[in-house]
Amino acid sequence: MQDLISSNDKFSGNSSLEAYVLHLADNALLLGQKNAEWCGHGPILEQDIAITNISLDLIGQARNLYQYAASLINQSTNKHSFAEATEGKPINLASEDSLACLRTEREFKNCLLVEQPNGDWAQTMLRQFLFSSYQYYLYQYLQNNADETLSAISEKSLKEVTYHLRWSSEWVIRMGDGTEESKLRMQYAMEELWRYTGELFIPVYYEKELGIDVGPLKDNWLEKVKLVLDEATLSIPENVFMQTGGKTGTHTEHLGYILTELQYLQRTYPGCEW
Amino acid sequence: MKPGTIDKKVLYEYLEEIKDPEVPVLSIIDLGIVRDIQLKDDELEVTITSTYMGCPAMDMIATAIRIELTTLGFKKIKIIRAISPAWTTGWMSEAGKRKLKEYGIAPPQTRSDGLRLTDGVECPHCNSKNTSVISEFGSTACKALYRCNDCKEPFDYFKCH
C-alpha cells in the first residue's frame, strides 16, 4: 500500500526537491491556517494576539517555501513538457497561490499533526509545542543544507520558531502543572496528539532521495519534549500506534474540511484578487 | 548625478523618507531593511529584506521604494528580496533606536555580553528597569508587550531578533 501511494505521488511529476519543499510549505500553511481560526476567540486578548502572530509567521514561512517550489516547478515544466508547444517561451503555471489554493487533498504533503482539530486551548498549545520543537531542530539541521534557498529560509524561520517554542512550552507547563481541570485537558491532548509525532522522524521517499536524515533529530526532540513534559507533570502515553501517511498524501479526515474552507474563494472565483 | 553613476548616499537620503507603515516613526533605512543599491546597466537594483517572514508591510514598502525612485527619474527599477543573511535588530540605526524611544516604544536592548535581554527592559516613559513582560507577542510581529512596575504604564518593546 505504501509503495502504491508513493508511486501515485511520484506520478504528479514532482522532483524530490519540489516534493520536499512542498512538504515544508504545507506544514507551515496548515498550522498557520488552524491557528488563525483562533483569531477573535483566544482566551484573553494578549494570547489571541500571540497565536495569530505565530500564525502570521507560519504563513510567512509557507509563502517563501511555496514561492521557491513554484520557481522549481516552473523551471522543470519549461524544460521538459512545454518547450515545444510554447515555442520556447517560458510559461509560469505554478505560483505560491496556485500551490496553496488549487492542489487537492492527496497532493498535500503536510504531516498529520498540523491538520488536527484545534480542540480546546490545551490541544492547540500542545500541537504547537510538539510541532515547534520539531521545527526548531529541523531548521537547525536544514540551515546547513547545501541548497542555498532552503538554508536561507531555515535560518530566517529558526529565529521566529525559537519564540514559538518558548511560548508554547510555557503554556504546556502552566496548564499541565496547573489546576486539576487544566491538567486533565493537557493529558487528554497528549492522548489525542502523541500518535501523530511518529511520522515526523520517519523519512519518506523524497527525504531519502535528498539525503535529508530526519531520523536522528528525534533524540534531541524527545529530550526537549520530555524536559517540558516533566516540568508540566504530564506523562507520555504508552503503547501508542503511530499514525503515518500525511507526508505522502494520505491524510486524516480533517484535511479535506480545512482545504474546503481555505480554498473556497479561489475555487469559486478562479483568479480572484483583492 | 552623472549619467551611468549613482550616489548611494543621496539615494539613501531619499529612501529615508519611506517609513515603516506599522512603526511610522522609523524609516526603512533606520530599520536596516534596505541592504544594497546597485546600478546594473540602466537598471537600478534595490535589495531589501523583511524583518519577519510574514511581515505584511513588505509589499507596501517595495511599492513605496518604486514610487520614490521613479519620481527621482529612474525608469528601470528592480526590487530584490533577500532572505539571507537573516535580518537582525543589530542593523537598526542608533538614530532609529532614539526615535523609537521618543515614540514610546522601548528599543531592542542587549546585555553587555551581547545576549538578548529578558529582564530589566528599560521603560521608555520613566527609564525604570523595574519592568515585566505581559506577552511575548505584541501588536505586530516585531514587538512584545511590557509593563512598567514603577510608572505603571504598559509599553511596546521592539524585540531583539
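This is a predicted model: local features need pLDDT of at least 70, side-chain atom pairs count only at pLDDT 80 or more; totals for chains, interfaces and linings use all residues.

Student: Okay. Where does that term come in?
Tutor: At the hairpin of E1(B) and E2(B). It has 2 residues between the strands. Asp41(B) in this hairpin takes a positive phi near 55 degrees.

Student: How many bridges join E1(B) to E2(B), and do they run parallel or antiparallel?
Tutor: There are 6 bridges, and the two strands run antiparallel. For one pair to click on, take Lys40(B), which stands opposite Glu43(B) in E2(B).

Student: What holds paired strands together in general?
Tutor: Backbone hydrogen bonds, in either a parallel or an antiparallel arrangement.

Student: Which strands make up the sheet, and in what order?
Tutor: The order is E1-E2-E3 in chain B. It is an open sheet of 3 strands, and the pairing is mixed.

Student: Which strands stand at the edges?
Tutor: Strand E1 (34–40) and strand E3 (76–82) of chain B. Each has a single partner strand, so one side of each has no neighbour in the sheet. From one strand to the next, the twist averages 20 degrees.

Student: And in what sense do E2(B) and E3(B) pair?
Tutor: In the parallel sense, over 7 bridges. Strand E2 covers residues 43–49 of chain B.

Student: How does the chain cross from E2(B) to E3(B)?
Tutor: Through H2(B). This is a β-α-β crossover, and it is right-handed.

Student: Where does that helix lie?
Tutor: Helix H2, residues 58–71 of chain B, lies across E2 and E3 of chain B. It runs at about 150 degrees to E3(B).

Student: Step back a bit. How many helices and strands does chain B have?
Tutor: The count is 3 helices and 7 strands. Along the sequence the pattern reads α-β-β-α-β-α-β-β-β-β.

Student: And what box do the C-alpha atoms of chain B fill?
Tutor: Roughly 60 × 30 × 25 Å, along the principal axes. Chain B has 161 residues, and 35% of them count as buried. Now take contacts in chain B between residues at least 6 apart in sequence. Of these, 48% join residues at least 24 apart.

Student: Is Asn127(B) buried or exposed, and why?
Tutor: Exposed, because it has 11 C-beta neighbours inside 10 Å. The cut-off for exposed is 12 or fewer.

Student: Where should I look in chain A for something like that?
Tutor: Go to Asn239(A), with a positive phi of about 50 degrees. Asn239(A) is not a glycine either. It sits in the loop between helix H9 (217–231) and helix H10 (254–268) of chain A. Asn239(A) is exposed, with 4 other C-beta atoms within 10 Å.

Student: While we're in chain A, how do H6(A) and H7(A) pack?
Tutor: At an angle of about 125 degrees, with their axes 7 Å apart. They are therefore oblique to each other. Helix H6 covers residues 148–176 and helix H7 covers residues 180–193.

Student: Which residues meet there?
Tutor: From H6(A), Val172(A), Met175(A) and Gly176(A). From H7(A), Ser182(A), Lys183(A), Arg185(A) and Met186(A). The residues of this contact divide into 3 nonpolar, 2 polar and 2 charged.

Student: Last one. How many residues of chain B are in contact with chain A?
Tutor: 15 residues of chain B, in contact with 19 residues of chain A. On the chain B side, 9 are nonpolar, 5 polar and 1 charged.

Terms used:
Residues are numbered from 1 along each chain as its sequence is written. Chains are lettered from A and ligands numbered from 1 in the order in which they are written. Two strands pair if DSSP finds at least two bridges between them. Helices (H or I, at least four residues) and strands (E, at least two) are DSSP runs, numbered from the N terminus. Axes are lines fitted to C-alpha atoms, for helices over the stretch in contact, and angles run from 0 to 180 degrees between N-to-C directions. Two residues are in contact if their C-beta atoms, placed from the backbone, lie within 7 Å. Ala, Val, Leu, Ile, Met, Phe, Trp, Tyr, Cys and Pro count as nonpolar, Asp, Glu, Lys and Arg as charged, and the others, Gly among them, as polar. Angles under 35 degrees count as roughly parallel, over 145 as roughly antiparallel, 65 to 115 as roughly perpendicular and the rest as oblique. A crossover is right-handed if, with the strands pointing away from the viewer, the path from the first strand over the helix to the second runs clockwise. A residue is buried if 20 or more other C-beta atoms lie within 10 Å of its own, exposed if 12 or fewer, and partly exposed in between; C-beta atoms are placed from the backbone.
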